[in-house]
Protein chains: 2
Amino acid sequence: MVSIKDVAKHAGISFKTVSRVVNNDPAVRQETRAKVLQSIEVLNYRPNRAARMMRNQRSGVIGFISDEVVTRPYAGELLLGAQEIANQQGRVLMVVNIEQDRRRLQQALDMLLERRIEGLVFASYFHREVEVPEEMLSVPSVLANCFSRNAGVATFLPDECQAGQDATRLLVEQGHQRIAFITLHPEIVATGLRLEGYRQALQQAGLAFDPQLVVQGECLNEAGEPSSAASAIETLMQLDHRPTAIVCGKDEFAMQVYFLLLRYGLQVGVDIAITSFDNQLLIAPNLTPGLTTMALPHLEMGRAAVRHLFSSDADRGTTLVPFPLIERESHLLNP
Amino acid sequence: MVSIKDVAKHAGISFKTVSRVVNNDPAVRQETRAKVLQSIEVLNYRPNRAARMMRNQRSGVIGFISDEVVTRPYAGELLLGAQEIANQQGRVLMVVNIEQDRRRLQQALDMLLERRIEGLVFASYFHREVEVPEEMLSVPSVLANCFSRNAGVATFLPDECQAGQDATRLLVEQGHQRIAFITLHPEIVATGLRLEGYRQALQQAGLAFDPQLVVQGECLNEAGEPSSAASAIETLMQLDHRPTAIVCGKDEFAMQVYFLLLRYGLQVGVDIAITSFDNQLLIAPNLTPGLTTMALPHLEMGRAAVRHLFSSDADRGTTLVPFPLIERESHLLNP
């Protein structure tokens, strides 16, 4: 087995310097570092991280606890973003999926702390409040896509209000004055914040807020039932003064709305303009016209979370991460 | 910090026996084991697995290398199933996502082997052939949702042919004699196998195979372009003798087909019956009528893979895992 001494000999560089390179000491000169890395590659040297971990108390492992992030079609990019930055740091993620079970959270934490993780990302598959066990604070921790009112942990959240504003403004800019909003379930954090963004966009455009245009879509799928925007569309179509544009609370609603409007002889992109939230790739690009939607910023939240873990930034506040606008055609009429 | 000696004292059982329990020795009597576990819980004893790993050469970690399994909306359940069994074994998964880059695969393997993983699951987000680096064989390994022709690794694959048969038979049983098949891209493994199942189901029913009824949907989304079943439907609608039922290669096709048929004045569930593959929860339950579809057996493949890693089963063959049928309404006409 190749040892660090062999690398030092091959590179013609001191053992101590090679060790510093292997341990990612940033003080090593770029040139020296390159030489060492080349020798490492030529000799196929593989540091024994388990042994190193015992010496340095450094495991190179970041814990990633998620409630279904990895298994739901919503938020896998949170993990992708976290992993991208971890890999840049030479670290790996140890992923534990806990679903929404407090006992499993405790088990997961125990397992990870036993393995001497250097940091911990706690991520939720949808934007919500969580309870943070005190033990989590024994290592550098961040929350992604969830928050705790009193934990004092750095937190990265999607900027729901900005997304609501942008999704609405896009329709305002197309000249619409009757813009409906099919909201998510009222108990979800995103619902109120996006609605606030909708109100702000209307106000900025000098348009009156009409409560008749805000209708609730069903959405909490805990029972495994499909979401339905049917009653929302029915309500809107019974108005004396129908909307000419609709902001849909999620792409699943939008997909249903395309169908539902056909029953009223209306076609998205011809009679009614639509925007939405999520950018689900199974749905948004497959609709005709393509769905214009605010993409959930999961990738960026995952990146920001891991970057923060080992940064010198001691800020434990909340960072809002913007939703990128994915412009397709549904916000336009007869483009 | 509570030590293993404290546990032994509390339980009134020898140090050696407690150690055997902590190390999951199956030879310990059930009763003794229960006593020790109770003391462990009362004292909140947490074994230092890092130290133990150095002593025992056992890390309690299973490597899970995936090409986008965790970040695509297709196959997250593979990870969920693997984790479920790993947790039952007291192990955790270390997850590395490599996308489809050979160099990153090597890096991922290095990282995991350095950390003394006890076993390795290599999973693909779609059923395909992969190249297995020789080093992978230095630990117990399994392939899930992918295969290698000459690696000699135990392999778990979805039973595409069975799925094709079942999706077709369901329509045959409703009395359909003109059943079309919109296939996935011809280069995908699933395409040929499902088509074979379709042929078998027709043959078993004494129905002739009509090549005109087999049309290709576009599907490989490498360029980020949406899949489209539009040309497939156009082709089918131009036939003198149109199909009365369609097997769709994936739920995304099915979703498009619902729309596309409307242009020809046809409605799914009234004029045309449909079955599909995948059971994408963003799509299948949200369509009206609900989409009857063969669910990808990702959860079960993940479970089977990890179960096999540490079983006494030395079989390195291929196990086909069946697709569960998710019966909604789209296979029925005017139910």
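Guide: E5(B) and strand E11 (residues 318–321) of chain B run parallel and are joined by 4 bridges. This is a predicted model, in which local features need pLDDT of at least 70, side-chain atom pairs count only at pLDDT 80 or more, and totals for chains, interfaces and linings use all residues. Residues are numbered from 1 along each chain as its sequence is written, and chains are lettered from A and ligands numbered from 1 in the order in which they are written.

Visitor: Why are E5(B) and E11(B) called paired?

Guide: Pairing requires that DSSP find at least two bridges between two strands; 4 are present, so the term applies. B:Pro158 stands opposite B:Val321 there. Strand E4 (residues 141–147) of chain B also runs parallel to E5(B), with 3 bridges, and B:Ala144 stands opposite B:Phe156.

Visitor: What makes strand E5 of chain B mostly covered?

Guide: In this strand (residues 154–158), 5 of 5 residues are buried, that is, 20 or more other C-beta atoms, placed from the backbone, lie within 10 Å of their own. B:Ala154, B:Phe156 and B:Pro158 lie on one side, B:Thr155 and B:Leu157 on the other.

Visitor: Which residues of H3(A) are buried, and how do you know that they share a side?

Guide: A:Val36, A:Ser39 and A:Ile40 are buried in H3(A). They cover an arc of only 105° around the axis, taken from the directions from the helix axis to the C-beta atoms, and are therefore on the same side. The face turned away carries A:Gln30, A:Glu31, A:Glu41 and A:Val42, which are exposed (12 or fewer such C-beta atoms).

Key: Helices (H or I, at least four residues) and strands (E, at least two) are DSSP runs, numbered from the N terminus.
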